[in-house]
Amino acid sequence: MLKIENLHASVEDKSILKGINLEIKAGEVHAIMGPNGSGKSTLASVIAGKEEYEVSQGNVFLETENIEELSAEERAHKGIFLSFQYPVEIPGVSVTNFIKTAINETRKARGLEDMPAGQMLKLIREKAELLEIDRKFLSRSLNQGFSGGEKKRNEIFQMAMLEPKLAILDETDSGLDIDALRIVANGVNKLKSKDNAVIVITHYQRLLDYIVPDFVHVIYNGKIVKSGTKELAHELEEKGYDWIKDEINA
Amino acid sequence: MDLKEKLISSFLAFEDQVDVDAYVHDIRSEAIKTFENKGFPSKKEEAWKYTSLNAILKHDYSVFPKQENALEYRDIKKYFIHDIDTFKIIFIDGTYSSHLSQTTHDGMDICLMSAALSKPKYRLVIENYFNKAATGDSLSSLNTAFSSEGAFIHIPKNKLVEKPIQIIHFSTGNESAVMLHPRNMIVVEENSYVQIIERHQSLSNNPVLTNSVTEVFAKKRAIVDYYKIQNDNKNASLIDNTFIKQKQESHCSVHTFSFGGKLTRNNLNFYQHGERIDSTLKGITIIGDKQHVDHNTLVHHIEPNCESHQDYKGVFGDSSTGVFNGKVVVEKEAQKTNAFQANNNILISDKASINTKPQLEIFADDVKCSHGCTIGQLDDDAMFYLRSRGIPEKEAKALLMYAFSNNVLDSVKIPELKKRINKLIANKLGVNIGFDL
């Protein structure tokens, strides 16, 4: 599904990713953990195509295609989805209108007609129910005045609507109370299938109790320094990151 | 002969057409003298520092249309807010079109300036109000000198005018270049309410210069909501001089939507004569090419306990230029004034520019006045957010620009108008994003 080879990326001449290697197969869930400033969010943004990051070395393949030259929207059209840590407020554009636009632009790029209004409505209703979102919420301006939990739920709602091949959840658990965490995780789990893959970026093991990863990777200083299974996440929760830093520095 | 000389000599010909014994004619004669003395404003004047009229004054405008031109409603329907019932006062090349209009004298007067100026029954109201709000600046004086036609609206006490009034000036382009001097007068008596939508629309690419004056008198507890749609063709220019005199507890608002035209200058002036008055001035400007839009506002707080709210948003692309010059004067007696002013701009091209200048002159000591202006670019993170959802760059930009200016539309009280403005915005931004913005 996704293959990253020796990826180096910088922003404003500051080198952040220093040789990331990662392979994710369809049906897998990978967790990426690591201390603040280690490059987790940068990796997510680079995969999703944020232009401010300069890729100086390495390749990113989605399935067999090298996506380095593709714009963010082209990557989205090919099935990459990033759930933002800080979703942006768009006053005057409702959640419903926003997602309709996203879906129909994606369909257009794939050579499909607009989704018929009835079908769209049905889909919205179905996915809103999955995320326990009520109807009034859908007519509010996108992210404007949303609580932290509402923003994250709305991100996963968009993911549910867009049905990506590869979903990257960037600190989706931050700012969530336990109920919201459960709803969001439940949504993600329902969307998981053998044909798609999920990257969960998080500081804490807490979310991984709900979205259970097949693999856990630790990023430190722009590199993946340790990979393992879900037990690694427990170990990190218990011992923090210092032992990894010590291990590397030793 | 330059335009100034041409206008002055045309005044003699104009006098042949109008009743020189009428009350207003002395005012006209004075006004042409004022214009003759002052001439067109130049960039040397502080208020015109960033707006040059040179390019639009060089055309050989005809000052009076030589022929009467007719238009079929079906050809121009799109310029009307046509999905609701409205009163209409329509002009073609400066001449009233009874065919396209829907006026009334039933319990109120929604009709023509020419009728008000000539009929004895309006003599008193003309004497009481004509040219009583407009100032003696050169462009208003020029309009006053040639004032003979426009909208005349007189709403008596305690009347809620349910249908909005549309004032539309069409120019056909049947003459190579035309200059128009519409003169509107709106008197809203105590406790009455009226909504007005004004538009100037050229139907060709021939140069048009409109120098209009609108005087609004809002009496005690009157409410006036005025909407100006400025989306004209690329060779049409507009100098809009609007003067609003408010009495106690009246609420007046002017929303200006500037999306088109070559040069647009809005001289918008509010005078508060009474307590607990509320004045609202809002605008959205979205322009490109080499278009120029200048908002020059004045709110004069004269008495205590009044408010004013100014909120202007601007999006400037290509080589377009914008000006916001907002002056708030708070007199010594005007204690407890609340005056707010905001002017936020986005430049989406390196060649576009905006000059924004708040001017506060506060002589009272117990007031709340705030002003803020920003000039920025579209936010990269926001762009990335939208694009990562599959929304292409152009559409993403449009959505952000819409989101940026959107709050100005909150106070538009006519839903059909709001819808229309949204369409015009989408159109201006060149996007079709599958829903009415």
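Is Glu163(A) buried or partly exposed? The model here is predicted, and in it Glu163(A) is partly exposed, because 17 other C-beta atoms lie within 10 Å, while a buried residue needs 20 or more. Glu163(A) sits in the loop between α6 (148-162) and β9 (166-170) of chain A. Its backbone is worth a look too: Glu163(A) has a positive phi of about 45° although it is not a glycine.

Glu249(B) counts as buried, because it has 20 C-beta neighbours inside 10 Å. Here are the phi values side by side.

| Residue | Phi |
|---|---|
| Glu163(A) | about 45° |

**Chain A as a whole**

Chain A contains 9 helices and 12 strands. Its C-alpha atoms fill a box of roughly 60 × 40 × 35 Å along the principal axes. The radius of gyration of chain A is 18 Å, which agrees with the value near 18 Å for a compact globule of 250 residues. Of those 250 residues, 44% count as buried. Among the contacts in chain A with a separation of 6 or more, 72% come from residues 24 or more positions apart.

One sheet in chain A is open and has 4 strands, in the order β2-β1-β4-β5, with antiparallel pairing. At its edges are β2 (14-24) and β5 (65-66) of chain A, each of which pairs on one side only. Strand β4 (residues 54-62) of chain A is joined to β5(A) by 2 bridges, and Leu62(A) has Glu65(A) as its bridge partner in β5(A). Helix α1 (residues 40-48) of chain A lies across β1 (2-11), β2 and β4 of chain A, and runs at about 70° to β2(A).

**Where the chains touch**

The contact between the chains takes 26 residues from chain A and 21 residues from chain B. On the chain B side, the elements that give two or more residues are α8 (380-387) and α9 (393-405) of chain B. The largest share of that side comes from α8(B), with 6 residues. By residue class, the side of chain B that touches chain A divides into 10 nonpolar, 5 polar and 6 charged residues.

**Cores and a covered helix**

In soluble globular proteins, nonpolar side chains tend to be buried together. The largest nonpolar core of this model has 156 residues, and those with the most contacts inside it are Ile168(A), Val200(A), Val188(B), Leu399(B) and Met401(B). Helix α9(B) gives the most to this core, with 8 residues. Leaving out residues up to four places away in sequence, Val188(B) touches Ile155(B), Val194(B), Phe217(B), Ala218(B), Lys219(B), Ala222(B) and Val224(B).

A second, separate core has 20 residues, including Leu139(B), Val178(B), Val208(B) and Leu238(B). Leu139(B) also belongs to the buried residues of α7(B). This helix, α7 (residues 138-145) of chain B, is mostly covered, with 7 of its 8 residues buried. What covers them includes the helices α1 (3-17) and α2 (23-38) and the strands β7 (183-188), β9 (208-218) and β11 (236-247) of chain B.

Key
Residues numbered from 1 in each chain as written. Chains lettered and ligands numbered in written order. Predicted model: local features only at pLDDT ≥ 70, side-chain atom pairs only at ≥ 80, totals over all residues. Contact = placed C-beta atoms within 7 Å. Nonpolar A, V, L, I, M, F, W, Y, C, P; charged D, E, K, R; others polar. Rg over C-alpha atoms; globule rule 2.2 N^0.38 Å. Buried ≥ 20, exposed ≤ 12 C-beta atoms within 10 Å, placed from the backbone. Core = buried A, V, L, I, M, F, W, Y, C linked by C-beta atoms within 7 Å. Pairing = 2+ DSSP bridges. Axes fitted to C-alpha atoms, helices over the stretch in contact; angles between N-to-C directions.
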